[in-house]
Amino acid sequence: SKLNLVKIKILGGEPSIDPGVWEFIDVASNLKKKPTLKITTNGTSLNPNFTSLLSRFDKLEVTFSVDAVGDTYDYIRTNGRWKNTEKNILNFMKTSECKISFNVVLTPFNVFSLNPLIDWFHDLWFSGYQFNVNFDDSDDATTGLSAVLPEHIEDALNGLNMKKVRDTGALELVKILESAVFNEAAHRSFKRFAATLDRVRETRITDLDDRF
């Protein structure tokens, strides 16, 4: 208790399933002067015990990593199911008054599924929830936007519902898509990577969109 922490930032792996993170949060929550806790989670394993730990902090900021919804989410997460993750996130948002953000990493996997994600954010916003949405290009050459064919980037841009994009403050998404620079080597690498994933997981990326 001689610690004088001002802010704690916890990223992943997934902190909600790490016993060491639970123990650390428990210790930090018992400090005489509680720090601000900033935590990033994918929302798949939020449970009452973990959220109860988080609720001990007067200043809490939670960022949910959500790159897609529906079938695309299930494909990207493999063992995760959007139905369950959405339930976890909504339950948390209904019961918490903390600052909430969403972080979306743009990849070839979700570039064809941006409108359903924007629709979901839009519905949340107009249901009275308050949050910020941040978009980033993947920092992995194999799964970054440089691996996406220019015509598919164009399809993604033209397919966006711009009213909903503006309503949800997601114009950053447009800028990132517009700045994507195609790289043939990255494209080939992504195709090999996706094919390997499908063999291992017994999935088919073409089930998401035949443009794959």
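This report describes the pockets, the cavity, the aromatic pairs and several individual residues of a predicted model.

## Basis of the values

In this predicted model, local features need pLDDT of at least 70 and side-chain atom pairs count only at pLDDT 80 or more, while totals for chains, interfaces and linings use all residues. Residues are numbered from 1 along each chain as its sequence is written, and side-chain values use heavy atoms, with hydrogens and water left out.

## The largest pocket

The largest pocket has a volume of about 310 Å³. Its lining comprises 16 residues, and those closest to the centre are Val 105, Thr 107, Phe 109, Ser 138 and Thr 143. Two or more lining residues come from each of helix H3 (70-77), strand S5 (132-137) and helix H9 (184-201). The largest share, 3 residues, belongs to H9. Helices (H or I, at least four residues) and strands (E, at least two) are DSSP runs, numbered from the N terminus.

A pocket is an open set of points on a 1 Å grid over the protein atoms alone, with protein on both sides within 12 Å along at least five of seven lines; a cavity is a set of points where a 1.4 Å probe fits but cannot get out, and lining residues have an atom within 4 Å of a point. Grid points are joined across faces, edges and corners, and a volume is the space filled by probe spheres set on the points. By class, the lining of the largest pocket divides into 6 nonpolar, 4 polar and 6 charged residues. Here Ala, Val, Leu, Ile, Met, Phe, Trp, Tyr, Cys and Pro count as nonpolar, Asp, Glu, Lys and Arg as charged, and the others, Gly among them, as polar.

## The second largest pocket

The second largest pocket has a volume of about 270 Å³. Of the 14 residues in its lining, Gly 13, Thr 40, Asn 42, Ser 65 and Arg 77 lie nearest the centre. Strand S2 (36-41), H3 and strand S4 (99-106) are the elements that give two or more residues to this lining. The lining of the second largest pocket is made up of 4 nonpolar, 7 polar and 3 charged residues.

## The cavity

The whole structure holds 1 cavity of 30 Å³ or more, and about 50 Å³ of space lies in the largest cavity. Ser 65, Val 66, Asp 67, Ala 68, Tyr 73, Ile 76 and Arg 77 line the largest cavity. H3 gives the most to this lining, with 3 residues. In terms of class, 4 of the lining residues are nonpolar, 1 is polar and 2 are charged.

## Aromatic pairs and charges over rings

The count comes to 15 aromatic pairs. Rings of Phe, Tyr and Trp (its six-membered ring) pair if their centres lie within 6.5 Å; planes under 30 degrees apart count as stacked, over 60 as edge-to-face and the rest as tilted. The pair of Phe 64 and Phe 92 is edge-to-face, because the ring centres are 5.8 Å apart and the planes lie at 80°. Since Phe 64 lies in strand S3 (residues 60-65) and Phe 92 in helix H4 (residues 82-95), this pair ties together parts that are 28 residues apart in sequence. Phe 64 is buried at 0% relative accessibility, and Phe 92 is buried at 5%. Buried means under 20% relative accessible area, exposed over 50%, and partly exposed in between (1.4 Å probe, protein chains only).

The rings of Phe 109 and Phe 190 also form an edge-to-face pair, with centres 5.0 Å apart and planes at 70°. This pair links distant parts of the chain, 81 residues apart: Phe 109 is in the loop between S4 and helix H5 (114-125), and Phe 190 is in helix H9. Phe 109 is buried at 9% relative accessibility, as is Phe 190 at 6%. One aromatic cluster is formed by Phe 64, Tyr 73, Trp 82, Phe 92, Phe 102, Trp 120, Phe 121, Trp 125 and Phe 131.

Two arginine residues are placed over rings. The charged end of Arg 201 sits over the ring of Tyr 75, 4.6 Å from its centre, and Arg 211 lies over the face of Phe 112, at 4.0 Å from the ring centre. A charge sits over a ring if NZ of Lys or CZ of Arg is within 6 Å of the ring centre and within 35 degrees of the ring normal.

Thr 85, in helix H4, is buried at 2% relative accessibility. Not counting residues up to four places away in sequence, Thr 85 touches Asn 42, Gly 43, Thr 44 and Tyr 73, where contact means heavy atoms within 4.5 Å.

Lys 7 is in strand S1 (residues 7-10) and is exposed at 52% relative accessibility. Leaving aside neighbours within four places in sequence, Lys 7 is in contact with Pro 35, Thr 36 and Lys 38.
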